[in-house]
Amino acid sequence: CKRQLGWSNDGCEERVEKEVSREIPKSLFDSQEERWGWALSEAKLLDVGAGQGGGVLEALLRGADAYGVEPGQEFAELSRLRLKQEGFDSERICKTGGEVLPFPENSLDYAISLQVLEHVKDPCPILSEIFRVLKPGGEAHIRCENYLAFREKHYKVPWFPLLPKQLGSLYLKALGRDPSFLRKYVFYSTYPQIVRMSDRIGFENLTIERKKQKLKDKESIQRKSARRLAHMIDQFPRNMGEKVTEGLVHLSNAFTTGIRLQLRKPR
């Protein structure tokens, strides 16, 4: 990270500590169990883009029948080593990308994909494959970067939305950073793009439905202006009110730094 992205020593050490302690997957699975009712101990789970294997290992330790796919040779080998050290079958990590998943149709309860879609030219085949292998009613948790935001999370610097890579490279060089990671490994994923793809594939977007409900729930809205807005929405014809509410939710998410979606395959 220090050599390629220009992070500080402290930033690199913090990232290593998070990976070793599995801090990110622990927090993720705690949230999935609490907010969405995931029962990992009874589930078959897939991590698409397993990285260094922390997500698969954490799921296994929680009792899940967990697997991962990882196209990077070094990461795949490291993931297998970590699983083997904890007494799990290293073959649970498949060295392959997410575009063609080695699992039967309707065979998985859950899937996760963290910070993967911004590193592929076309996220659609990966989302389509996740949809294919999930059981009806199965859920996927997707996280990736939103390049409509005003920050580049890999380099941890302010950014202009959809900044052309040639200008972005010059900007990074001016900051004393190496732009090769941006040029080779970053593709500009955006919130509207990923939402449209998931809708087209056939996913139900649980994140949007939950936020729409919160917006319309007067009891949960504290500010006076928001209460007025909820009342106005209630006065619209049903289909118009739904469209206005959904539009407000999408607008509030369009420029956030990271994309987080909870998706479900219809029963």
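Modeller: The model is predicted, with local features needing pLDDT of at least 70 and side-chain atom pairs 80 or more, while totals for chains, interfaces and linings use all residues. Residues are numbered from 1 along each chain as its sequence is written, and side-chain values use heavy atoms, leaving out hydrogens and water.

Colleague: Why does arginine 260 count as exposed?

Modeller: Exposed means over 50% relative accessible area, buried under 20%, and partly exposed in between (1.4 Å probe, protein chains only). Arginine 260 has 54% relative accessibility, so it counts as exposed. Arginine 260 belongs to strand 9, residues 258-264; a strand is a DSSP run of E with at least two residues, a helix one of H or I with at least four, both numbered from the N terminus.

Colleague: How many aromatic pairs are there?

Modeller: Rings of Phe, Tyr and Trp (its six-membered ring) pair if their centres lie within 6.5 Å; planes under 30 degrees apart are stacked, over 60 edge-to-face, the rest tilted. The count by this rule is eight.

Colleague: What makes the pair of tryptophan 38 and tyrosine 110 stacked?

Modeller: The centres are 4.1 Å apart and the planes 10 degrees, hence stacked. Tryptophan 38 and tyrosine 110 are 72 residues apart, and both are buried.

Colleague: What makes the pair of tyrosine 155 and phenylalanine 181 edge-to-face?

Modeller: The planes stand at 75 degrees, with 6.4 Å centre to centre. Tyrosine 155 lies in the loop between strand 6 and strand 7 and phenylalanine 181 in helix 8, so the pair ties together parts 26 residues apart in sequence.
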